[in-house]
Amino acid sequence: MSLPPPDKWNESDILDFELFSSINPFDRGHEGLNEVLDVLESVDEELRPGRISFERDRKPKYSRQLMHESLSEFQFMENTSFFLKCARVPEAYFDIHGSTDDEGSRFSLTLRIIPFAWCREPGKQEERAAGLVSLVRTLASRLPLSHGSAHSGTDQLLDTDPEQPRPILPPQVERMHWLNVYGPQRVEALGRERVLSTPAFLVEELPHGAVLILTRPTPVDFASEQARLAQARALVHLRPDLKLEDILSTLHRRSLAFTPIPIQFDPDVADILLQEVDFQGLSLRRQRVEQYNAYHPPTVSEWLPAAHQPWPDVPDVQAALDLYEGTYAEQLLALLHTEVPSVMDRSPESLPHIDWNSWHMSWGCQFTPEQRSRLIPALGAYLGMLLVYGLGGKWMPRRNLDEAAVVVGDRAWLPFLRARHYLQGRDAPLDYSLTQLFREAQRRRG
Amino acid sequence: MRADFRRGMKFQRSVGQMLRRELELSEHVRRVLRGMRKPRMDENVGLTHPGNTALTYADQFAVDEATLASGAKVRVETFSNKSRNFKGWSEDDIFKQVQADANEALVKYGGIVQVRRPGHPIFGQDVTVSRVHLVYDSETLTPSLKQELPRALGKKNTKVEIHFHHVPPAP
């Protein structure tokens with residue numbers, strides 16, 4: 001475990017790009033759709049629409065014709081809305097919406113560039129940034145823009161109170177993004193002269209009274225000292241009521257989230273903890289790594305010296321083994337094969353996946369005693385089988401499952417007892433993981 | 001399939017419990033039932049829409065008893081629970097599904113409805129639903145998605161309030 005490079009640490013960040021207008025082009029039906037598609041098709045080749053996203057299993061290749069044919073499918077009440085996947089950035093997509101009702105008209109173009117790393121590709125940063133700026137200009141030439149921004153999604157999340165959704169349009173300018181679009185109303189409210197004299201990398205007047213401001217040439221260095229200073233200076237210029245030092249200190253604190261720290265998890269459960277860290281996302285990464293760096297599971301206690309393991313007391317040993325391996329272990333596969341596909345490999349590598357799934361899905365506190373009584377044999381038998389086939393162990397079945405063991409070398413390991421402990425509390429799948437027992441047994445075998 | 005059905009029922013029971021606990025809190029402290037002074041909550045309430053005899057069942061149905069007297073406009077809020085498992089879904093599919101769920105909820109549980117459960121205080125009356133709620137099982141949604149999803153609905157001016165509920169650990 002070591003210090004991850006910044007690009008790896010930050011790999012789950014997303015570039016969040018959105019532009020808004022108070023005109024709905026879809027009021028003009030197919031003609032409006034054409035205008036929107038003109039804009040989308042004008043972007044960087046890699047971002048251009050590649051597939052139309054209907055359902056999970058229906059994503060045909062993008063074509064204008066299909067878009068027009070599908071227009072009625074995109075409509076629901078007063079809304080027109082569709083999702084397009086980008087051609088060569090597989091997880092990136094456009095989310096387009098327009099509606100007109102008695103509250104007025106609205107249009108939004110959202111582009112989520114997943115992963116952010118696409119913007120960071122060495123040698124292509126300026127070009128890709130320029131492409132995004134160009135998209136703003138292209139849309140602005142067709143529709144009056146009311147506001148917009150492009151910036152790291154995680155940085156924006158960090159600045160948001162989890163209890164309150166991030167406002168679509170904050171009443172005041174609260175932060176400067178890499179790319180900022182202010183519509184005529186905002187510009188007039190701030191003062192046009194003031195806006196046009198913002199200290200920034202680029203300030204450009206757009207059609208219909210809007211203004212574009214770029215704090216830096218590209219979005220990729222948003223957490224750097226230079227970029228934070230640029231963001232702070234621009235913000236204080238537009239909001240003279242704010243103090244530069246306070247803004248800067250807030251921004252620098254946020255930048256910590258993007259600064260890697262060494263990952264030093266307990267080796268036996270590191271794989272489990274990493275899955276949880278990845279799930280929690282970049283905005284919580286540093287917090288979670290600090291927290292889990294300090295965690296160690298209790299020593300494995302579900303074992304006896306092999307010499308003390310009682311002999312089988314079952315009437316038919318082979319029948320017991322068939323029950324364990326044929327019935328109980330298979331039950332775990334049946335239960336988990338969709339959630340945890342690697343369980344089908346029947347391999348030690350599947351154990352951290354099983355453990356994370358159990359921990360994350362609260363197996364330790366979800367089940368009734370009756371459900372637990374059926375899970376324990378399934379979990380125990382699966383672990384036992386891995387001890388047998390992976391480490392050359394030998395089953396010692398017992399009528400009381402808690403006493404049943406797999407003897408590996410000089411130790412008798414108790415997989416069913418371990419499974420019982422595994423389900424006894426919220427964090428029990430982590431504290432009494434199958435992974436840790438298997439690894440301990442592997443080490444003891446030598 | 002059976003496991004999904006059980007999971008759905010278990011989730012619905014848990015959401016019902018969560019809302020019932022809210023009934024005991026004062027209006028300012030409640031997080032979900034915020035628009036009502038004296039909410040009354042019923043589960044699995046059959047509803048019809050004008051001109052249609054087909055019944056849809058709202059997982060939870062709340063009426064503000066404070067609006068029942070005196071000819072004031074009756075305030076009603078409906079809930080649809082979704083214990084969907086989003087594990088492995090791409091982001092665009094998640095956003096698209098939630099939008100589709102919201103649209104469906106507006107049709108089935110929004111607009112003008114009539115309660116068809118005999119004995120209910122507004123049985124047989126046409127009322128306009130003031131707010132439609134979607135409650136998702138939060139287990140398979142990342143922290144960032146839970147913040148982004150309500151915003152995505154807001155961008156489209158979708159009039160459905162979205163909540164995330166974690167089934168609390170058994171004691």
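Residues are numbered from 1 along each chain as its sequence is written, while chains are lettered from A and ligands numbered from 1 in the order in which they are written. Because the model is predicted, local features need pLDDT of at least 70 and side-chain atom pairs count only at pLDDT 80 or more, whereas totals for chains, interfaces and linings use all residues.

**View 1. Where chain A meets chain B.** Chain A brings 33 residues to the contact and chain B brings 22 residues; two residues are in contact if their C-beta atoms, placed from the backbone, lie within 7 Å. On the chain A side, the elements that give two or more residues are β4 (79–86), β5 (93–101), β6 (104–113), α11 (270–280), α12 (282–293) and α15 (363–366). Helices (H or I, at least four residues) and strands (E, at least two) are DSSP runs, numbered from the N terminus. The chain A side divides into twelve nonpolar, twelve polar and nine charged residues. Here Ala, Val, Leu, Ile, Met, Phe, Trp, Tyr, Cys and Pro count as nonpolar, Asp, Glu, Lys and Arg as charged, and the others, Gly among them, as polar.

**View 2. Strands β4, β5 and β6 of chain A.** Have a look at how β5(A) pairs on both counts: seven bridges join β4(A) to β5(A) in an antiparallel arrangement, and nine bridges join β5(A) to β6(A), also antiparallel. Two strands pair if DSSP finds at least two bridges between them. A:Leu84 has A:Phe94 of β5(A) as its bridge partner, and A:Asp101 has A:Gly104 of β6(A). The hairpin formed by β4(A) and β5(A) has six residues between the strands, while two residues link β5(A) to β6(A) in a hairpin. Seven of the nine residues of β5(A) are buried, where a buried residue has 20 or more other C-beta atoms within 10 Å of its own, an exposed one 12 or fewer, and a partly exposed one a count in between, with C-beta atoms placed from the backbone.

View 3. Among the buried residues are A:His353, A:Asp355, A:Trp356 and A:Trp359. Their cover includes α11, α13 (317–336), α15, α18 (428–431) and α19 (434–445) of chain A. Just after the helix, look for A:Ser362, which takes a positive phi of about 55 degrees.

**View 4. Chain B as a whole.** Three helices and six strands make up the secondary structure of chain B, in the order α-β-β-β-α-β-β-α-β from the N terminus. Its C-alpha atoms fill a box of roughly 50 × 40 × 35 Å along the principal axes. Of its 171 residues, 37% count as buried. Among contacts between residues at least 6 apart in sequence, 63% join residues at least 24 apart.

**View 5. Strand β4 of chain B and its partners.** Two bridges join β4(B) to the antiparallel strand β1(B), residues 39–48, and B:Val115 is the bridge partner of B:Leu47. With β5(B), residues 126–137, β4(B) pairs in the antiparallel sense over three bridges; there, B:Ile112 has B:Thr128 as its bridge partner.
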